[in-house]
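Reader: I have a chain open in the viewer and would like to talk through how it is put together. Could you take me through it piece by piece?

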Amino acid sequence: MSTLDSVRPTPAGSRSSTWATLEDVRDMADHAFSRSAGAPLITGNAIRLLRDARENYPAWLEAIRSARRRVHFENYIIADDRTGNTFAEALIERATAGVSVRLIYDWLGAFGKSSRAFRARLAAGGVEVRCYNPPRLESPLGWVSRDHRKLLTVDGEVGFVSGLCVADLWLGDPLKDLEPWRDTGVEIRGPAVTELERAFGRVWAMLGAPLPAANGRTADENNRPGTAGSTAAIAPVGDVAMRIVASEPATSGTYRLDQLVVAFARQRVWLTDAYYLGAPTYVQALITSARDGVDVRMLFTRASDVPLLKVVSRIGYRPLLEAGVRIFEWNGSVLHAKTAVIDRRWSRVGSTNLNLASWMGNCELDAVVEDEGFAHQMEQMFEQDLANATEIVLEARRRIRANAAGTKRHARDHRHGSGRAAASAARIGNVLGAALMDRRVIEPVERRTLLGTGAVLLGLAVLFVVFPRVLAYPAGALLLWIALTLLYRGWRLRRPRSSSPPSDSRTTSQ
């Protein structure tokens, strides 16, 4: 980790000679990163940086079409459009040829994007399809958890991790004046691919029967170090070290790791994110790093597919700018990438956004790479992106506002965020809390939030007074639903145990 490169061992005989050597410090840092992320450092890999759909989609399709044994595909959105059907045909063709093809999609992500007939066609073609977290009567709030991953593995030999869903929007449409979305992914070969398959297997088991046993062992046994198919048994194919951080609801491994690497940073922290709503502790880590002389830069989208989120994200700019963080907004189409490069060595590419919904509520997947060569590519890509971005500054006379027409043209009405509504609510709650409890100065940019929320609350107040039943009946129905759910869950726990252990509450909500 380059953040430790500038650490020097204490000379022998000095006052601090009992301190740890540089090698000891590096070893402790490696343990800290592994424990924070819940992911060990895996060596012996090869990695290829893929920019946008024009590089990611062809690589994915080539790998799928060459599959001989198995294809594992997990993606938040697989749309029923030209792009989605291209992938569907490739998956069906391999399944027809005898390849085991398994697909996981998210219910909320697919809502309005693909039809039951589209998924039925996949199933009829031999593809095993499972849906993550559809609505369930026994879990009224279960919809909060989403599978936001973008993962593909083929034959246990090659894997892809990215921020791209499968839809025409990522390719754009010149006839409709829609530019391609800006996104990033990676192709991985080597021992880390087994960690990708293990991550897929965990979610697959949440939704039904686990992956089939092989060679007389269970799927879990096949993933243990030292067994065939485990990370320890795959021959190295390169010299890149990485971690595969596969977070699940309430695990927050990526959140802990993101804060830790920012704290370790000594030179630069360059971040790209699509739906930024930073948690207070993470924001404070960025602020203290910037004040300590670290070059902190953050690139966000200007043309968002969630217009409200763009407004509430900007509310959090001021404390960062005042601390010396440089913030840029992408001038092109929707920027959907979730990447980081720190101290010219540590990089992250994947599906996790810098907000609490991604960090703590969803299934997410990221490749965390510790390699100078790859970090150099990431820095070059970041600098190229900045050439098409506008820097946000505090001075009013230099502030550049987004072109409303351009934003509307690029964003359209494609709402597919996994937890963006919850994240937006958290940001609005922050503003309202500041206004009601007088805990900080309210900024002019927050005026719309206050006025809009006040108008909504005023309307609800009028409805309660004039037409109390309009809101009382829905509220009563929701409370009844929650009450029955709790009673049902409690009743199930009182029943005698059967021969097979019951699923935990989180799993049954999937």
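Author: Let us begin with a term: strands here are DSSP runs of E with at least two residues, numbered from the N terminus. Val269 lies in one of them, strand β9, and please keep in mind that we are looking at a predicted model.

Reader: Is Val269 buried or exposed?

Author: Val269 is buried, because its relative accessible area is 0% and the term covers anything under 20%.

Reader: And what does Val269 touch, leaving out residues up to four places away in sequence?

Author: With those left out, Val269 is in contact with Val262, Leu286, Val294, Asp295, Val296, Arg297, Val341 and Ile342.

Reader: Let's turn to helix packing, then. At what angle do α8 and α9 pack?

Author: Helix α8, residues 253-264, packs against helix α9, residues 280-291, at an angle of about 15°, and their axes are 9 Å apart. The two helices are therefore roughly parallel to each other, since angles under 35 degrees count that way, and α8 passes α9 in a left-handed crossing.

Reader: Which residues of α8 and α9 meet there?

Author: On the α8 side they are Tyr255, Asp258, Gln259 and Val262, and these meet Thr281, Tyr282, Ala285, Leu286 and Ser289 of α9. Sorted by class, that contact has five nonpolar, three polar and one charged residues.

Reader: What about α2 and α3, how do they pack?

Author: Helix α2 (residues 52-65) and helix α3 (residues 82-96) pack at an angle of about 15° with their axes 9 Å apart, and that makes α2 roughly parallel to α3. The crossing of α2 past α3 is left-handed.

Reader: Which residues make the contact in that case?

Author: From α2 the contact draws on Tyr57, Trp60, Leu61, Ile64 and Arg65, and from α3 on Thr83, Thr86, Phe87, Ala90, Leu91 and Arg94. By class, seven of these residues are nonpolar, two are polar and two are charged.

Reader: I see some rings in that list; which residues form the aromatic cluster with Trp60?

Author: Tyr57, Trp60, Phe73 and Phe87 form one aromatic cluster. Tyr57 and Trp60 are among the α2 residues in the helix contact, and Phe87 is among those of α3.

Reader: And how many aromatic pairs are found in the whole structure?

Author: A search of the whole structure finds 13 aromatic pairs. One of them joins Trp107 and Phe111, whose ring centres are 5.4 Å apart with 40° between the planes, and this pair is tilted. Trp107 is partly exposed at 27% relative accessibility, whereas Phe111 is exposed at 55%.

Reader: Why is the pair of Trp270 and Phe382 called stacked?

Author: The ring centres of Trp270 and Phe382 are 5.1 Å apart and the planes stand at 20° to each other, so the pair is stacked, because planes under 30 degrees apart count as such. This pair links distant parts of the chain, 112 residues apart, with Trp270 in strand β9 (residues 268-273) and Phe382 in helix α13 (residues 372-386). Trp270 is buried with a relative accessible area of 2%, and Phe382 is buried too, at 4%.

Note on methods. Residues are numbered from 1 along each chain as its sequence is written. This is a predicted model: local features need pLDDT of at least 70, side-chain atom pairs count only at pLDDT 80 or more; totals for chains, interfaces and linings use all residues. Side-chain values use heavy atoms; hydrogens and water are left out. Axes are lines fitted to C-alpha atoms, for helices over the stretch in contact, and angles run from 0 to 180 degrees between N-to-C directions. Helices (H or I, at least four residues) and strands (E, at least two) are DSSP runs, numbered from the N terminus. Angles under 35 degrees count as roughly parallel, over 145 as roughly antiparallel, 65 to 115 as roughly perpendicular and the rest as oblique. A crossing is left-handed if the near helix is turned anticlockwise from the far one by less than a right angle, and right-handed if clockwise. Contact means heavy atoms within 4.5 Å. Ala, Val, Leu, Ile, Met, Phe, Trp, Tyr, Cys and Pro count as nonpolar, Asp, Glu, Lys and Arg as charged, and the others, Gly among them, as polar. Rings of Phe, Tyr and Trp (its six-membered ring) pair if their centres lie within 6.5 Å; planes under 30 degrees apart count as stacked, over 60 as edge-to-face and the rest as tilted. Buried means under 20% relative accessible area, exposed over 50%, partly exposed in between (1.4 Å probe, protein chains only).
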